[in-house]
Amino acid sequence: MRRTKLTLGALLGALLVCFSLPTIRAFAKHHMSMPEMITMAKTQAEHEKLAASYEQEAKAARAKADEHKAMADAYRKAGGALIEKLHFDQHCDSLAKSYASMAEEFEALAKAEREAAKEMKR
């Protein structure tokens with residue numbers, strides 16, 4: 001009885017995967033890389049989509065900047081000769097600064113894409 005249930009479960013799983021493949025393939029065909037999106041952006045909606053992508057990137061970069069700030073603070077709080085010798089806190093500060101700068105650049109790109117989208121209305 002148990003073997004039958006396992007076999008039926010495996011068969012059902014295989015069928016679900018087989019029926020899902022066309023959907024997965026269709027999604028893969030519709031997903032474009034950023035360079036493709038940039039090249040293809042000719043409409044307001046396409047520029048808005050690019051702006052949204054840049055905003056997501058900015059949000060992720062801000063989160064990483066905050067994470068590295070917290071790590072630097074944790075290293076300072078932990079202290080110790082090894083941490084002072086290897087400058088873990090300084091590395092984290094540097095990364096936090098880089099991620100913050102990256103977020104600003106992504107925000108600038110998003111703003112420019114929003115402006116391009118507005119131009120498409122005219």
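Modeller: A residue is termed buried when its relative accessible area is under 20%, exposed when it is over 50%, and partly exposed in between (1.4 Å probe, protein chains only). This is a predicted model, in which local features need pLDDT of at least 70, side-chain atom pairs count only at pLDDT 80 or more, and totals for chains, interfaces and linings use all residues. Residues are numbered from 1 along each chain as its sequence is written, and side-chain values use heavy atoms, with hydrogens and water left out.

Biologist: Which residues of helix 3 are buried?

Modeller: Buried in helix 3 are H47, L50, A51, Y54, A58, A61, A65, H68 and A72. Helices here are DSSP runs (H or I, at least four residues), numbered from the N terminus. The cover over these buried residues includes helix 2 (34–40) and helix 5 (88–121).

Biologist: How do you know that the span of helix 3 agrees with its number of residues?

Modeller: The expected span is 1.5 Å times one less than the number of residues. Helix 3 has 35 residues (44–78) and should therefore span 51 Å; its end C-alpha atoms are 51 Å apart, so the two values agree. After helix 3 comes G79, with a positive phi near 60 degrees.

Biologist: What makes the contact of R114 with E48 a salt bridge?

Modeller: A salt bridge requires a side-chain nitrogen of Lys or Arg within 4 Å of a carboxyl oxygen of Asp or Glu. For R114 and E48 the N to O distance is 2.1 Å, and the pair is a salt bridge. R114 belongs to helix 5 and E48 to helix 3, 66 residues apart, and the pair links distant parts of the chain. The structure holds eight salt bridges.

Biologist: Why is R114 called partly exposed?

Modeller: Its relative accessibility is 25%, so R114 counts as partly exposed. E48, at 28%, therefore also counts as partly exposed.

Biologist: What makes E107 and R62 a salt bridge?

Modeller: The closest N and O atoms of E107 and R62 are 3.1 Å apart, and the limit is 4 Å. This pair links helix 5, which holds E107, with helix 3, which holds R62, 45 residues apart. E107 has a relative accessible area of 37% and is therefore partly exposed; R62, at 30%, counts as partly exposed.

Biologist: Why is D89 called buried?

Modeller: D89 has a relative accessible area of 16% and is therefore buried. Its salt-bridge partner R76, with closest N and O atoms 3.5 Å apart, is partly exposed at 40%. R76 lies in helix 3 and D89 in helix 5, so the pair ties together parts 13 residues apart in sequence. Through shared partners, salt bridges join D73, R76, D89 and D93 into one network.

Key: Helix = DSSP H or I, 4+ residues; strand = E, 2+ residues; numbered from the N terminus. Contact = heavy atoms within 4.5 Å.
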